[in-house]
Amino acid sequence: MSHARVKALKGNGKTVSKKAQKSGRASGTMTPQGSSPMASKLTSPSHSAAQSRAASDVSDDGDDGDFSFDDMLSSIHSGGSGASTPEDAGSTFDIDALIDGLQDRKHNNSDVREQYLEGYMRVIRTRYGPETHQWLDFAAAALADVLLKGSNRGATARERLLNLQAYCLTIGTVEDMDVFEAGNKLLKQVLTDEDDDECQVFAMYALCMTALYGGGLEEAALEVMEFLVEIVQTDGESIEAHDNAAVVGAALQGWAFVASHVSDYSDYADAAMDAFVDQLDSSDTEIQSHAGHCIALIYESSRNHEEETGEPFQLPYDPQRLIGRLNQLAKQSAKSVSKKRRRDLRESLVSVVTSLERGVGPFYSTALYIPEKYTVVSPSLRTDDGSAEYGYRCKLRLGNHMARIDTWSLYSRVNLMKIIFRGGLQKHVFVNPVVMECLEDADWGEVPTGEERERKSKLSAKIRKR
């Protein structure tokens with residue numbers, strides 16, 4: 001395995017689909033739908049709750065609607081007095097009330113259970129701190145079990161999705177989880193039985209997190225990689241999601257995430273390459289882009305393997321022919337695809353081409369510029385005539401810290417961490433032990449303030465005048 005980041009890896013709708021009937025979720029639609037208040041002791045055991053509807057945390061637009069979770073936290077913390085949201089909400093969360101509320105299906109309908117899940121996720125994402133582990137760690141195994149069951153038995157697709165998202169957050173926050181055996185089996189069942197695209201997508205992400213951070217060994221990671229390749233090979237048919245672009249795209253992203261944790265998967269690279277090269281002909285631009293990234297990651301892993309062992313992966317593809325094909329795809333355009341998507345695909349494929357040609361990471365720019373006289377530029381970026389390449393343009397910025405993403409491995413891990421933690425990743429990246437392991441090879445630096453940038457610009461101008 002590479003790095004030390006994986007310690008244990010050694011609707012109530014009116015109609016019910018056949019998939020839902022088969023999985024046993026149909027009975028969940030009979031949950032009582034009368035109003036039921038959220039438990040009164042989620043964020044402050046000593047205060048009572050005011051009934052409130054939490055806003056959704058599924059969308060990425062940050063719009064909390066008429067009622068934000070901050071408003072609800074204030075009510076819970078202050079007994080409805082309208083006081084400001086407590087800054088220590090992450091340290092006073094009542095995990096037992098959460099688990100009891102999710103399990104009490106007799107008194108809590110799907111709307112209320114969704115509120116519990118939304119509240120928990122908001123606290124983990126936005127109020128996380130070292131003190132969070134005081135109430136979360138001891139109950140994490142029990143909570144993960146409840147969330148797994150909810151991902152399969154939830155009465156609505158939204159409830160099942162929230163369970164999967166909360167499960168990923170839990171696995172991504174608590175060290176030394178041991179849920180692989182149960183999680184691996186149940187999540188694969190969810191993938192086959194589920195008929196909602198978003199649920200299938202997050203079930204795949206959850207499966208990857210379970211294999212890597214839920215107690216799976218290296219064999220588990222390789223097995224999950226094979227499972228995901230089969231989904232790609234069959235265009236989703238292996239999990240009854242034929243030609244589902246969202247599902248196939250998630251399988252590609254999930255494969256890259258798991259592969260980025262494994263140093264030697266040479267015996268599995270051939271089949272993976274076949275599947276990914278085939279997907280370059282997909283009519284969906286995102287699938288083409290993800291497939292290209294996976295191909296670049298395989299060649300990067302091969303280079304790393306050669307440095308360590310003296311032997312590259314034995315891949316049945318001529319890199320030059322692949323480069324020619326990728327260049328051709330980058331030049332093609334489809335009228336049915338928007339200009340932005342065509343541009344994004346072109347940039348993505350050109351990045352893969354540059355990676356194969358130069359042995360560099362993602363989104364490396366070979367464009368040249370003339371550095372200022374006193375600017376320090378790495379010799380590797382300078383040409384013979386003194387010009388310099390712009391180099392890596394892909395960066396992860398969180399607050400006043402920034403890391404350059406210079407490997408496909410890191411790129412794949414950053415992508416999934418952003419999907420799971422969303423805007424809350426900044427709260428976790430320097431404190432959360434799991435995230436710190438996952439992104440341990442990110443080289444962080446501080447982003448200059450506006451004043452510092454202005455001062456540097458003035459200094460450069462003075463130097464040029466001299």
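A residue counts as buried when its relative accessible area is under 20%, as exposed when it is over 50%, and as partly exposed in between, using a 1.4 Å probe and protein chains only. Take Lys 185: with a relative accessible area of 65%, Lys 185 is exposed. Before we go on, some ground rules: this is a predicted model, where local features need pLDDT of at least 70 and side-chain atom pairs count only at pLDDT 80 or more, while totals for chains, interfaces and linings use all residues. Residues are numbered from 1 along each chain as its sequence is written, and side-chain values use heavy atoms, leaving out hydrogens and water.

Lys 185 sits in helix α8. The labels for such elements come from DSSP runs, numbered from the N terminus: helices are H or I runs of at least four residues, and strands are E runs of at least two. If you look from Lys 185 to Leu 207, you go 22 residues along the sequence, yet their C-alpha atoms are 9.3 Å apart in space.

Now let's see what α8 packs against. Two packed helices are described by the angle between their axes and the distance between the axes. Here the axes are lines fitted to C-alpha atoms, for helices over the stretch in contact, and the angles run from 0 to 180 degrees between N-to-C directions. Helix α8 (residues 180-193) packs with helix α6 (residues 140-153) at about 15 degrees, and the axes are 9 Å apart. Angles under 35 degrees count as roughly parallel, over 145 as roughly antiparallel, 65 to 115 as roughly perpendicular and the rest as oblique. So α6 and α8 are roughly parallel to each other. Their crossing is left-handed, a label used if the near helix is turned anticlockwise from the far one by less than a right angle (clockwise would be right-handed).

Which residues of α6 and α8 meet? On the α6 side they are Leu 148, Ser 151 and Asn 152, and on the α8 side Gly 183, Leu 186, Leu 187, Gln 189 and Val 190. Contact here means heavy atoms within 4.5 Å. By class, this contact of α6 with α8 has four nonpolar, four polar and no charged residues. In this scheme Ala, Val, Leu, Ile, Met, Phe, Trp, Tyr, Cys and Pro count as nonpolar, Asp, Glu, Lys and Arg as charged, and the others, Gly among them, as polar.

Leu 187 and Val 190 turn up again when we move to Ala 203: leaving out residues up to four places away in sequence, Ala 203 touches Leu 164, Leu 187, Val 190 and Leu 191. Ala 203 belongs to helix α9 (residues 197-213), and Ala 203 counts as buried because its relative accessibility is 0%. The C-alpha atom of Ala 203 is also 10.0 Å from that of Val 247, which is 44 residues away along the chain.

Helix α10 (residues 218-233) and helix α11 (residues 245-259) have axes that come within 9 Å and cross at roughly 155 degrees. That makes α10 roughly antiparallel to α11, and α10 passes α11 in a left-handed crossing. Among the residues making the contact are Met 225, Leu 228 and Val 229 of α10 and Val 247 and Trp 255 of α11. The residues of this contact of α10 with α11 divide into 14 nonpolar, one polar and no charged.

Trp 255 deserves a stop of its own. A nonpolar core is a set of buried Ala, Val, Leu, Ile, Met, Phe, Trp, Tyr and Cys residues joined through side-chain atoms within 4.5 Å. The largest one holds 121 residues, of which Tyr 120, Trp 255, Tyr 265 and Phe 276 touch the most other members. Helix α9 gives the most to this core, with 13 residues.

Arg 113, in helix α4 (residues 110-126), counts as buried because its relative accessibility is 1%. Ser 289, in helix α13 (residues 285-309), is buried with a relative accessible area of 13%.

Finally, a look at two loop residues. Glu 240, in the loop between α10 and α11, has a positive phi near 60 degrees without being a glycine. Phe 363, in the loop between α15 (339-358) and β1 (364-369), has a positive phi of about 50 degrees and is not a glycine either.
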